[in-house]
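Here is a friendly walk through one protein model, written for reading beside the viewer. Please keep the sequence and the 3D view open as you go.

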Amino acid sequence: MTKGTAKPAARAKRGGNRTGSRIDKARKGPAIITIDRVRCKGCGICVEFCPQDVLQMAGQYPEVVAAECCTQCQLCDFLCPDFAIIVREGK
Ligand code: SF4
Ligand code: SF4
């Protein structure tokens, strides 16, 4: 019985943390997205997988077309095989 009562409390705690994360995200400044053209091979992975359509290919390289839409999810950063794109929180 003790376990049964503990689970909802734990769930509520986790939910509380998720809510906190959303608030933290909302407090983030605009993203600073840097693309290193020396490292970038122009594969387009970052453009293809960005859920917010922040990036677009411009010739051989991606460019930032909607930085204000970036949620700083870091997906482009994680997926880039060449470590060529970095997303940082703006001040
Ligand atoms: S951090 Fe996320 S939302 Fe921002 S450009 Fe990269 S993939 Fe898109
Ligand atoms: S995923 Fe990396 S290498 Fe590929 S286009 Fe984007 S920045 Fe360039």
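## Ground rules and overall fold

Helices (H or I, at least four residues) and strands (E, at least two) are DSSP runs, numbered from the N terminus. This is a predicted model, in which local features need pLDDT of at least 70 and side-chain atom pairs count only at pLDDT 80 or more, while totals for chains, interfaces and linings use all residues. Residues are numbered from 1 along each chain as its sequence is written, and chains are lettered from A and ligands numbered from 1 in the order in which they are written.

With that in hand, the protein has three helices and four strands, arranged along the sequence as α-β-α-β-β-α-β.

The predictor's confidence in each residue is the pLDDT, from 0 to 100. The protein has a mean pLDDT of 80, and 69% of its residues reach 70 or more. Residues 1-21 have a pLDDT below 50, and this stretch makes zero contacts in the model beyond near neighbours in sequence. Where pLDDT is low, the predicted coordinates should not be read in detail.

A residue is buried if 20 or more other C-beta atoms lie within 10 Å of its own, exposed if 12 or fewer, and partly exposed in between, with C-beta atoms placed from the backbone. By that count, 15% of the 91 residues of the protein are buried. A nonpolar core is a set of buried Ala, Val, Leu, Ile, Met, Phe, Trp, Tyr and Cys residues joined through C-beta atoms within 7 Å.

The largest such core has 13 residues, and Ile33, Cys46, Leu55, Cys76 and Ile85 have the most contacts inside it. The elements giving two or more residues to this core are β1 and β4. Leaving aside residues up to four places away in sequence, Cys76 touches Cys46, Phe49, Cys50, Leu55, Ile85 and Val87. In soluble globular proteins, nonpolar side chains tend to be buried together.

## Around the two ligands

A residue is near a molecule or strand if its C-beta atom, placed from the backbone, lies within 6 Å of it. For residue classes, Ala, Val, Leu, Ile, Met, Phe, Trp, Tyr, Cys and Pro count as nonpolar, Asp, Glu, Lys and Arg as charged, and the others, Gly among them, as polar.

Which residues come nearest to ligand 1? Of the 15 around it, they are Cys50, Val54, Cys70, Cys73 and Cys76. Here β1 (31-35) and α3 (75-79) are the elements that give two or more residues to the shell. The shell around ligand 1 has 11 nonpolar, four polar and no charged residues.

Ligand 2 has 13 residues around it, with Cys40, Cys43, Ile45, Cys46 and Cys80 coming nearest. Its shell has nine nonpolar, two polar and two charged residues. Cys43 sits in the loop between β1 and α2 (45-49) and counts as partly exposed, because it has 15 C-beta neighbours inside 10 Å. From Cys43 to Met57 it is 14 residues in sequence and 9.5 Å in space, C-alpha to C-alpha.

Two strands pair if DSSP finds at least two bridges between them. Strand β2 (residues 55-58) and β3 run antiparallel and are joined by four bridges. Gln56 stands opposite Glu63 in β3, and Met57 faces Pro62. Two residues lie between the strands of this hairpin, where Gly59 takes a positive phi near 70°.

On β3, Pro62 and Val64 make up the covered face, and Tyr61 and Glu63 the uncovered one.

## Loop residues worth a look

Most residues other than glycine have a negative phi, and most peptide bonds are trans. Gln72, in the loop between β3 (61-64) and α3, has a positive phi near 60°. Gln72 is partly exposed, because 18 other C-beta atoms lie within 10 Å. Phe83, in the loop between α3 and β4 (85-89), has a positive phi of about 55°. With 10 other C-beta atoms within 10 Å, Phe83 is exposed.

Val38 belongs to the loop between β1 and α2, and is exposed because it has 6 other C-beta atoms within 10 Å. Val38 and Ala84 are 46 residues apart along the chain, with 7.9 Å between their C-alpha atoms.

Definitions and conventions. Contact = placed C-beta atoms within 7 Å.
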